[in-house]
Amino acid sequence: MTENKTVLAWLEEMKAMCQPDNVVWIDGSEEQLEALRAEAVETGEMIKLNQEKLPGCYYHRTAENDVARVEDRTFICTPTEEEAGPINNWMAPDEMYAKLKKLYTGSMKGRTMYVIPYSMGPIGSPFSKIGIELSDSIYVVLNMAIMTRIGQKVLDQLGNDENAEFIKCLHAKKDVNPDDRYIVQFPQDNTIWSINSAYGGNVLLGKKCFALRIASYLGKNQGWMAEHMLILGLENPQGEVKYICAAFPSACGKTNLAMLIPPEYLKNKGYKVWTVGDDISWLNIGPDGRLYAINPEAGFFGVAPGTSVKTNFNALESTKKNTIFTNVALNNADNTVWWEGLDKNPPKNCTNWLGEKVDGTTYEGNLAHPNSRFTAPAINCPCISSEFENPQGVPVEAIVFGGRRAKCAPLVYQSRDWQHGTFVGATMASETTAAAAGAVGVVRRDPMAMKPFVGYNMATYWGHWLEMGKKLGDKAPKIFHVNWFRKDDEGHFMWPGFGDNMRVLLWILNRCAGKVDAVESEIGYLPKPEDIDLTGLEDENVDIKGLLTIDKQVWLEDVANIEEYFAQFGDKLPKEMTDELAKLKANLSK
């Protein structure tokens, strides 16, 4: 399938170490994929679902000890620990290679090694990157076929130039032993190794491992950005579409925003939302000097529980065909799937995610694992953007950061400039919500929602943001912060959220277009209350003034928390971040 000597030499080296019985090149053809699906069903690795109700859909169950990303087993292996930074797990590359080679040796005996050439981003886009994943899992092959562009056309794009860049990805299920589970990035070597897991987040190596950890490192060196951001297009009644990128920590409504359905009032006026991406943005400076975003993925790897007609109609529609469900519950009556939050009718005749046959109406545990997933093609999404495959990407008007803050952040505010916006992103945080996760209300910093995903020192990453701002100059997108989760003194949410978040996005785009003024505050620019359109929310009694108030004492407590957080980065912390923190503290102390 290729004559690229670098690819073939690397493949021979990996084969010699892993010792598979067979090697199969994935050409991307439907015939080959269908044969692999049939084989997976025959061996029990996957279950074919009701093809009338869920055409092309399959079910997979992982090991009980292998159901989520494992941050404590995820490593960034750079030559020095300082390059990886204080919030990444680090080991010297030589030491990690030696440790892993022992685990990989003979790990594929009796198994088939699949060679999966894949492209992150549309094939042929100047912003796309190529990877090759070697895996002994049909589940990985079939998921990568949904999440990325795969096959011969990728190898054709790579060509035979021995110096052509590609990311070398190796995955072996081995015996799924959590004590020997490692997900390791070697940024200087363009290499990712994953062993002893079969869960998507740890083994679909194009996703977080490549598209964020390795790509963020490449972006630093090559002058672009890999960000944990959705991309949406907002179309006005005149047919103009403007694009927004947004980053949120988990449990802050990122997927819902990416596939937002406008409230009736705005829908009737002719507003629409188009999804370009729900999770990852690669941002490059285009020929016109503006920032452009592509979604490097081709599918959605979404959390199933909580997804319903009410919470995310478009995501649910995306799962209706050619989707792989992982660790959800099986409705044995009609061979379909179910999860908590789908509806209020758990199936009586049910198989839970552990493989136990239970009565779903009386069972007291979770029928679906809380982190159960669907892998769905993006083209299934009813609101997928016509620009989804545009090799040049879409121009970004605004970058939005957000978090879950009960009292601190207002509904929305704008940063003063790119430097201040970088500080806003660097200090974004959420408060813990569930008692099971420890104390409620604890502030967790998740800079740019990249804490688990940055492939090098976070402080250096902030420096790269500042450099990008200098390159963009006055063509830089405006930067905002939103908080859908503000609470009143009785603990009730003050903002309706979901589709009504579009009202805030419209204010953001109006600011970008210079159509509305703002009020300068201690933390940045706040909306004038009358500039957020609340038509149709009369019954909600929205306290817009309350949503936009700044409690100086709460903010000063946050400043103390930020000072503590920044301290761990020592002299790597860009001076601009220290300056912005000092400015915030001074503003609040007046």
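Guide: Welcome! Two strands pair if DSSP finds at least two bridges between them. Keep in mind as we go that this is a predicted model.

Visitor: How many bridges join strand S7 to S9, which run parallel?
Guide: Strand S7 covers residues 129–135. Pairing takes at least two bridges, and S7 and S9 run parallel. One place to look is glycine 131, which stands opposite isoleucine 167 in S9. The number of bridges joining S7 to S9 is 5.

Visitor: Which residue in S11 is the bridge partner of leucine 170?
Guide: S9 is joined to strand S11 (residues 191–195) as well, by 5 bridges, and these two strands run parallel. Leucine 170 has its bridge partner in S11, and that partner is tryptophan 193.

Visitor: How many of the 6 residues of strand S9 are buried?
Guide: Buried means under 20% relative accessible area. Strand S9 spans residues 167–172 and is largely enclosed by the rest of the structure, because the number of its residues that are buried is 5.

Visitor: Is methionine 108 buried or exposed?
Guide: You will find methionine 108 in the loop between helix H4 (93–104) and strand S6 (112–120). Residues it touches, leaving aside those up to four places away in sequence, include Leu170, His171 and Ala172, along with Cys18 and Gln19. Its relative accessible area is 0%, so methionine 108 is buried.

Visitor: How far apart in space are methionine 108 and isoleucine 195, C-alpha to C-alpha?
Guide: In sequence, methionine 108 and isoleucine 195 are 87 residues apart. In space, the C-alpha to C-alpha distance between methionine 108 and isoleucine 195 is 11 Å.

Visitor: What is the phi of glutamine 19?
Guide: Glutamine 19, one of the residues that methionine 108 touches, is in the loop between helix H1 (5–18) and strand S1 (22–25). It counts as partly exposed because its relative accessibility is 27%. Most residues other than glycine have a negative phi. Glutamine 19 takes a positive value instead, near 55 degrees.

Visitor: Where is asparagine 541, which has a positive phi?
Guide: The phi of asparagine 541 is near 50 degrees, and this residue is not a glycine. Asparagine 541 is exposed because its relative accessible area is 66%. Its place is in the loop between strand S31 (525–527) and helix H15 (544–547).

Visitor: Which residue in the hairpin of S16 and S17 takes a positive phi near 85 degrees?
Guide: Strand S16 (residues 281–285) and strand S17 (residues 291–294) run antiparallel and are joined by 4 bridges, with isoleucine 285 having leucine 291 as its bridge partner in S17. Between the strands of this hairpin there are 5 residues, and the positive phi belongs to glycine 289.

Visitor: Which residue in S16 is the bridge partner of methionine 225?
Guide: S16 is mostly covered, with 4 of its 5 residues buried. Strand S12 (residues 225–227) pairs with S16 in the antiparallel sense over 3 bridges. Methionine 225 has a bridge partner in S16, and that partner is leucine 283.

Visitor: What accessible area do Ile261, Val309 and Phe313 have together?
Guide: Isoleucine 261 lies in the loop between helix H9 (254–258) and helix H10 (264–269). Residues in patches have over 30% relative accessible area, and isoleucine 261, at 35%, counts as partly exposed. With Val309 and Phe313, Ile261 forms a nonpolar patch on the surface, and their accessible area together is about 250 Å².

Terms used
Residues are numbered from 1 along each chain as its sequence is written. This is a predicted model: local features need pLDDT of at least 70, side-chain atom pairs count only at pLDDT 80 or more; totals for chains, interfaces and linings use all residues. Side-chain values use heavy atoms; hydrogens and water are left out. Patches are made of residues with over 30% relative accessible area and no salt bridge: like charges are joined within 9 Å, nonpolar side chains (Val, Leu, Ile, Met, Phe, Trp, Tyr) within 5 Å. Accessible areas come from the Shrake-Rupley method with a 1.4 Å probe; for residues, only the protein chains shown count as cover. A salt bridge is a side-chain nitrogen of Lys or Arg within 4 Å of a carboxyl oxygen of Asp or Glu. Buried means under 20% relative accessible area, exposed over 50%, partly exposed in between (1.4 Å probe, protein chains only). Contact means heavy atoms within 4.5 Å.
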